[in-house]
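Read it with the sequence and the 3D view open.

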Amino acid sequence: MNVRQKTIKQEISASGVGLHTGANVTLTFCPAPENHGFKFQRIDLDGHPIIEADADNVTDTSRGTTLTQNGASVSTVEHVMASLVGMDLDNILIKLDGPETPIMDGSSIQFVDLLEEVGTVEQNADREYFTIPHNITYTEEDRKVEIVAMPLDDYRFTCMIDYNSPVLGSQHAGINTIAEFKKEIASCRTFCFLHELEYQLSHNLIKGGDLNNAIVIVDKEVTKDELSHLAKLFNRKDIDVAPQGILNNMELRYQNEPARHKLLDMIGDLALVGMHLKGHIMAARPGHAANVAFAKKIKAAIKKEKNKKIQKIYDPSAKPLFDVVKIMEILPHRQPFLFVDKILELSKNHVVGVKNVTMNEEFFKGHFPGAPVFPGVLQIEAMAQVGGILVLCTVPDPENYLTYFLKIDNVRFRAQVLPGDTIVFRCDLLEPIRRGIAQMKGVGMVGEKIVVEAEMMAQISKVKQAEPAQ
């Protein structure tokens, strides 16, 4: 059964300070239309620029995940993004009046509570999932990072962290399904080591940092004077070290809360893939940089799978819709410049045509006769002729029209085409034909291999009037 897309019923806001900037900021979750996805909007800037929550827009991962687009940035997006995925949403606009999301208590739970309070609404469009088709891996040998996504008809996570810390040790966390996010993961807070906290404080890097929004792990010997200094910085009467090896300002919500928070971060960062996922993600020692790099690998796999779906494998020997005689009634080209042998499919938006490459072609007499290769420029011409049939078939009298190509972009030749090969070309309209202008994406395949692709723009033009009926 298809799952429908979801958004929220109405706007709802949260206010707080940014962890790193210390700026007071209000974040507002807003309903969004179908197929909108997750986007941020900086309402404090001129023009209210939109920033798409996309891994390709990540510009910094040093102290959280930062997105930049249209001249604007938003920092520390991972906890917000995790809450959206954890609440099973699809389309949300997140308005911000500052450069960074509020840190709240250092977890996602307050965002989850807000989204749950306002409620969700089912939309008409179906949700699109990307099911991991095969193992996708990412490694960083120097940091001992290993991440793998494996096929599974659900969204499952397993995470291990190990910082060589005698206090923290090696920790594991996991959820069997994303539906467990709210109960098991959402309330787990960010953490840092005491030596990191001291460095960040001394360099004014966590202006919004407070002992209420982070677990501080004491990974070194600490004196009473140092603890008194920290207490003064954070306006505390006193601070000590708890038996668990953390500052005693708070109690752990789970014994493995740090590992659970790393899992939370990963869910938020992988939301930047831009699509709901189905698979089992296993990670050892993940971090924001690795998470985003892994998200980009998944995006590349999505693109590859989409290309496969578009380029279904056609049988070039199948009975044609148009044979070469019918093709010559539509196209003005003739031998030796007719490069379409048959048309297999034709609709309002796409066409599939076949070109058989033989050693009898005229151009092989002078084009690498000792090592014949079908010229790339003629591959584009053949693709253009196939696309021309699509365009010409939109008028009732195609024999009275010509197609002139105005532009060819993003041409890629991916493999040689040799005598004996059969190229199957598919051309799809990128948008409806307007004022006789057609924009198409063309792909040529030999068997299961893409050999050429290009984007083309053509104009249809009437060249003669039909003779009146006798």
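H288 is buried, because its relative accessible area of 13% falls below the 20% limit. The model is predicted. This briefing takes the annotated histidines, then a strand and its partners, then the salt bridges.

**Annotated positions**

- An unreviewed UniProt entry carries the annotation "active site" for H288 and H367.
- The two positions do not all gather at one spot, because the farthest two C-alpha atoms are 51.8 Å apart. In sequence they span 80 residues.

**H288 and its surroundings**

- H288 lies in helix 7, which covers residues 288–310.
- Leaving aside residues up to four places away in sequence, H288 touches T61, G64, T65, E78, D265 and D269.
- One of these neighbours, D269, also makes a side-chain polar contact with H288, at 2.8 Å.

- Where does H367 lie? H367 is in the loop between strand 20 and helix 9 (376–392).
- Is H367 buried or partly exposed? H367 has a relative accessible area of 23%, so H367 counts as partly exposed.
- H367 touches P372, V373 and P375, again not counting residues up to four places away in sequence.

- Strand 22 spans residues 422–429 and is mostly covered. Of its 8 residues, 7 are buried.
- F425 has G444 in strand 23 as its bridge partner.
- As background, side chains in a regular strand alternate between the two faces of the sheet.

**Salt bridges**

- How many salt bridges does the structure hold? The structure holds 23.
- In general, side chains of opposite charge can pair when their charged atoms come close.
- D126 and R4 meet through their side chains in a salt bridge of 3.3 Å, N to O. The pair links distant parts of the chain, 122 residues apart. D126 sits in strand 10 (residues 120–126), and R4 sits in strand 1 (residues 4–8).
- D126 is partly exposed at 37% relative accessibility. R4 is partly exposed as well, at 33%.
- E116 and K182 form a salt bridge at 2.4 Å, N to O. E116 lies in helix 2 (residues 109–118) and K182 in helix 3 (residues 181–184), so the pair ties together parts that are 66 residues apart in sequence.
- E116 has a relative accessible area of 41%, which makes E116 partly exposed. K182 is partly exposed at 31%.
- R434 and E431 meet in a salt bridge of 3.3 Å, N to O. E431 is partly exposed, with a relative accessible area of 35%.
- K6, D88, D90 and R127 belong to one network, joined by salt bridges that share partners.

Methods:
Residues numbered from 1 in each chain as written. Predicted model: local features only at pLDDT ≥ 70, side-chain atom pairs only at ≥ 80, totals over all residues. Heavy atoms only, no water. Buried < 20%, exposed > 50% of the residue type's maximum accessible area, 1.4 Å probe, protein only. Helix = DSSP H or I, 4+ residues; strand = E, 2+ residues; numbered from the N terminus. Pairing = 2+ DSSP bridges. UniProt positions renumbered as here; feature names shortened; annotations may be inferred. Contact = heavy atoms within 4.5 Å. Polar contact = N/O pair within 3.5 Å; in protein donor to acceptor, adjacent residues only side chain to side chain. Salt bridge = Lys/Arg side-chain N within 4 Å of Asp/Glu carboxyl O.
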